[in-house]
Amino acid sequence: MERKFDLFTDSGCDMPEEYLKENKIVRIKLGFTMDNVNYGGEDGAHIDEATFYEKLRAGAMPTTYQITAETAKGYMEESLKKGRDVLVIAFSGALSGTAGGFTVAGRELAKKYPEREICVVDSLCASMGEGLLLDYVVKFAGSGASAKETAEYAEGLKLHICHHFTVDNLFHLKRGGRVSGTTAIVGTILKIKPIMHVDNEGRLTAVGKTLGRKKSLNALVENMFALQDMDENDPVFISHGDCIEDVEYVKELILQRLPNVKIMVHYVGAVIGAHSGAGTLAVFHKGKHR
């Protein structure tokens, strides 16, 4: 059944281009500046993920920027002018002002188009956690649900979207204020790897640490199975900062216990990767709670 409304998201969802096109989702790009070049956004230059991570490993220090209300308003109004309702699934408001930009745009447009449903959901999710919520929304909306009904479904589901991730280099988290300088230095010397998740407020939070990379990858999978609450057709998503061999290791661990589960893999995009660094690996699934 054709969806009754237009669905919007932002590039913080880190979903593949072909998925977005196939499911008729409008993605608005966050942006970043690196080596005095503006990337992403509406008018920025293009860079593929592999090249971005190559530059990051070579010492590039990108700075990121959010989607403004004015930008969001322009995209959303195109649908409203055509008599279409609008639903937005947005990057966690605790990590970016993007959800706030969509919300402001929605309020302004509601005055101009009072007959239309305009719904904005702060996913409280990041990377393919936002993407996983989006995937559930796509499937739910396919049954003929309205924008409002689908937004209510997303609000009820979002705190069951679990994020488990680790990073290979603590200095990008330090630069973003997620860990202290001392923690970054000592952790790097001792090869301490943090185990992190996104909490109920949509913030990055440490939940453990391991000695060494492989133990951190094992911990991601153990955390997943401790919380998972998946039905037969529920997928697992994995995003990564250019570390596909580690992805294959984690996939194998998951498939040993859930041999029929569908796993989608994609890069951590540049805007989130600028803060998490090369070697980030994250696992997302539906769970009892976060």
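Colleague: Is Cys243 buried or exposed?
Modeller: This is a predicted model, in which local features need pLDDT of at least 70, side-chain atom pairs count only at pLDDT 80 or more, and totals for chains, interfaces and linings use all residues. Residues are numbered from 1 along each chain as its sequence is written, and side-chain values use heavy atoms, with hydrogens and water left out. Under 20% relative accessible area is buried, over 50% exposed, and in between partly exposed (1.4 Å probe, protein chains only). Cys243 has a relative accessible area of 10%, so the class is buried.

Colleague: How many disulfides does a search of the whole structure find?
Modeller: A disulfide is a covalent bond between the sulfur atoms of two cysteines. The test applied here is a pair of cysteine sulfur atoms within 2.5 Å. Across the whole structure, the count is zero.

Colleague: Which cysteine has the sulfur closest to that of Cys162?
Modeller: Cys162 is buried, at 1% relative accessible area. The closest cysteine sulfur is 9.5 Å away, too far for a bond. That sulfur belongs to Cys125.

Colleague: How far from Cys243 is the nearest cysteine sulfur?
Modeller: Cys243 takes part in no disulfide. The nearest cysteine sulfur is that of Cys13, at a distance of 19 Å.

Colleague: At what angle do the axes of H3 and H4 cross?
Modeller: Helices (H or I, at least four residues) and strands (E, at least two) are DSSP runs, numbered from the N terminus. Axes are lines fitted to C-alpha atoms, for helices over the stretch in contact, and angles between N-to-C directions run from 0 to 180 degrees. H3 spans residues 69-81 and H4 residues 98-112, and their axes come within 8 Å. The crossing angle is roughly 45°.

Colleague: Which class does that angle give H3 relative to H4?
Modeller: Under 35 degrees is roughly parallel, over 145 roughly antiparallel, 65 to 115 roughly perpendicular, and the rest oblique. The angle between H3 and H4 is roughly 45°. H3 is therefore oblique.

Colleague: What is the handedness of the H3 and H4 crossing?
Modeller: If the near helix is turned anticlockwise from the far one by less than a right angle, the crossing is left-handed; if clockwise, right-handed. The crossing of H3 and H4 is right-handed.

Colleague: How do the residues of the contact of H3 with H4 divide into nonpolar, polar and charged?
Modeller: Contact means heavy atoms within 4.5 Å. H3 brings Ala69, Ala72, Lys73, Met76, Glu77 and Leu80, and H4 brings Gly101, Phe102, Val104, Ala105, Gly106, Glu108, Leu109 and Lys112. Ala, Val, Leu, Ile, Met, Phe, Trp, Tyr, Cys and Pro count as nonpolar, Asp, Glu, Lys and Arg as charged, and the others, Gly among them, as polar. The contact has eight nonpolar, two polar and four charged.

Colleague: How many charged residues has the contact of H9 with H10?
Modeller: H9 (residues 213-227) and H10 (residues 244-257) pack at about 35°, with axes 10 Å apart. Arg213, Lys214, Leu217, Asn218, Val221, Glu222, Met224 and Phe225 of H9 meet Asp246, Tyr249, Val250, Leu253, Ile254 and Arg257 of H10. Eight of the contact residues are nonpolar and one is polar; the charged number five.

Colleague: Which residues does Leu258 contact, beyond neighbours within four places in sequence?
Modeller: Leu258 sits in the loop between H10 and strand S12 (263-267). It is partly exposed, with 23% relative accessible area. Its contacts are Met224, Phe225 and Met230.

Colleague: How far apart are the C-alpha atoms of Phe52 and Ala274?
Modeller: Phe52 lies in helix H2 (residues 49-57) and is buried at 1% relative accessibility. Not counting residues up to four places away in sequence, Phe52 touches Phe32, Met34, Ile47, Pro62, Ala270, Gly273 and Ala274. In sequence, Phe52 and Ala274 are 222 residues apart; in space, C-alpha to C-alpha, 9.1 Å.

Colleague: What is the phi of Asn36?
Modeller: Most residues other than glycine have a negative phi. Asn36 lies in the loop between strand S3 (31-34) and strand S4 (37-40), and is exposed at 81% relative accessible area. Its phi is positive, near 65°.

Colleague: What is the phi of Leu124?
Modeller: Leu124 is in the loop between strand S7 (118-122) and helix H5 (128-141). Leu124 is buried, with a relative accessible area of 13%. Its phi is again positive in a residue other than glycine, near 55°.
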